[in-house]
Amino acid sequence: MRRQRPRGSQLGLLLLASQLFQVGLDNVPPVTLGVLGLNVYLYLFPAAPLMQACVSVQNAYWHGDWRRLFLSPFHHVDDWHLYFNLTSFLWKGINLERRMGGAWFLYVLSVFSLLTGLVYLGLEAGLTLLTDDHSYSVQCAVGFSGVLFALKILSNHYHPGGVTHVLGLRVDNRYASWVELVLIHLTNPGTSLIGHLAGILVGLLYTAGPLKSIMKTSAAWVTGPSRFSQPNNSYSGYSGTRSGGPAGGEYAGRRWDQAGGMTEQEQLDQALRNSLNDAGPRPGDAAPPPYGFNLSDEEVRRRRLMRFDR
């Protein structure tokens, strides 16, 4: 969440396009690709000026401008804000949409986008009451990073026991979101600690609270029980799979490739690594660009922490 800045050279858009073409548009599931496109479109052609799209207690609650809850996640301050958020979303979206299926992933994104804003307003209103400091109620937030923190909780939940590198530190996945929350705030005080915290809380409501059950019940009531795939019992992802998997169903639906002995998830991960992590320059090759075009996931995270994220 950030203050408005004048737009510059739009290098962030070029780097985002480079990332997409390196991954390959065919490897990006449709919902993820659509959300990426929506964010880019609203950056180029905003639905409202930035100060009329950001969300705050003052604007949404006091003045009754609740449309900001729908506008704020999909508007960004500048091209770097857009680039870092959407690059992060690209990887999370590919993995989560393949796991959950497109319909459920779109449902999750819709709920998270709205609920993150509501939790943010609740936290800011609570801080105003507790501290009697009305500056909390006028802080205006914009950007997709609150939703990204919620998705990060989901990603770490579905991959327990792994580690994440944050500024070169190996951090257990269980604590990675909290460490990143603190480090972003320390390195970039202008970002919204409360907005990012709201995303973490929404993610926890889904993985450890009642949110997923409420969403399942609501979906079944509105569309019938067979409309949405069950995210923890099926793997109706973009590339076409079937149900099954290890005990517990937490990583269900893997299909073994008979020739290579790799699951489809492992094949995707390998393809992405091959696409983005080249073996290095060969004799006579020009040096790679110094920024953006060959970023590893760890480097993207480090640079994201070094700049304003939201």
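Me: What should I know about the model before I start?
Reply: This is a predicted model, in which local features need pLDDT of at least 70, side-chain atom pairs count only at pLDDT 80 or more, and totals for chains, interfaces and linings use all residues. Residues are numbered from 1 along each chain as its sequence is written, and side-chain values use heavy atoms, with hydrogens and water left out.

Me: Helices, then. How are two packed helices described?
Reply: Two packed helices are described by the angle between their axes and the distance between the axes. Here, axes are lines fitted to C-alpha atoms, for helices over the stretch in contact, and angles run from 0 to 180 degrees between N-to-C directions. Helices themselves are DSSP runs (H or I, at least four residues), as strands are (E, at least two), numbered from the N terminus.

Me: At what angle do α1 and α2 pack?
Reply: Helix α1 (residues 11-23) packs against helix α2 (residues 30-44) at about 165°, and their axes are 13 Å apart. The two are therefore roughly antiparallel to each other. Angles over 145 degrees count as roughly antiparallel, under 35 as roughly parallel, 65 to 115 as roughly perpendicular and the rest as oblique.

Me: And what about α2 and α6?
Reply: The axes of α2 and helix α6 (residues 79-100) cross at roughly 170° and come within 9 Å. This pair, α2 and α6, is therefore also roughly antiparallel.

Me: Which crossing is left-handed and which right-handed?
Reply: The crossing of α1 and α2 is left-handed, whereas that of α2 and α6 is right-handed. A crossing is left-handed if the near helix is turned anticlockwise from the far one by less than a right angle, and right-handed if clockwise.

Me: Where is I94, and how far is it from V28?
Reply: I94 belongs to helix α6 and is buried, at 0% relative accessibility. I94 and V28 are 66 residues apart in sequence, yet 6.0 Å apart in space, C-alpha to C-alpha.

Me: Switching to charges. How many salt bridges are there?
Reply: The structure holds four salt bridges. A salt bridge is a side-chain nitrogen of Lys or Arg within 4 Å of a carboxyl oxygen of Asp or Glu.

Me: What does E180 pair with?
Reply: E180 forms a salt bridge with K152, with the closest N and O atoms 3.5 Å apart. E180 lies in helix α10 (residues 173-187) and K152 in helix α9 (residues 145-158), so the pair ties together parts that are 28 residues apart in sequence. Both E180 and K152 are buried.

Me: Which residue is in α9 and has a relative accessible area of 0%?
Reply: L154 lies in helix α9 and is buried, with a relative accessible area of 0%. L154 and V202 are 48 residues apart in sequence and 10.0 Å apart in space, C-alpha to C-alpha.

Me: Back to salt bridges. What about R174 and D172?
Reply: Their side chains meet in a salt bridge (3.0 Å, N to O). R174 is exposed at 60% relative accessible area, while D172 counts as partly exposed at 24%.

Me: Now the surface. Which residues make the nonpolar patch?
Reply: Y61, W62, W66, F70, L114, L118 and V138 make a nonpolar surface patch of about 720 Å². The elements giving two or more residues to the patch are α4 (57-62) and α7 (102-131). Patches are made of residues with over 30% relative accessible area and no salt bridge, with like charges joined within 9 Å and nonpolar side chains (Val, Leu, Ile, Met, Phe, Trp, Tyr) within 5 Å. L114 is found in helix α7 and is partly exposed, at 31%.

Me: One last item: what is the phi of D132?
Reply: D132 has a positive phi of about 55° although it is not a glycine. D132 lies in the loop between α7 and α8 (135-138) and counts as exposed, at 62% relative accessibility.

Technical notes:
Areas by Shrake-Rupley, 256 points an atom, 1.4 Å probe, with all protein chains shown as cover. Buried < 20%, exposed > 50% of the residue type's maximum accessible area, 1.4 Å probe, protein only.
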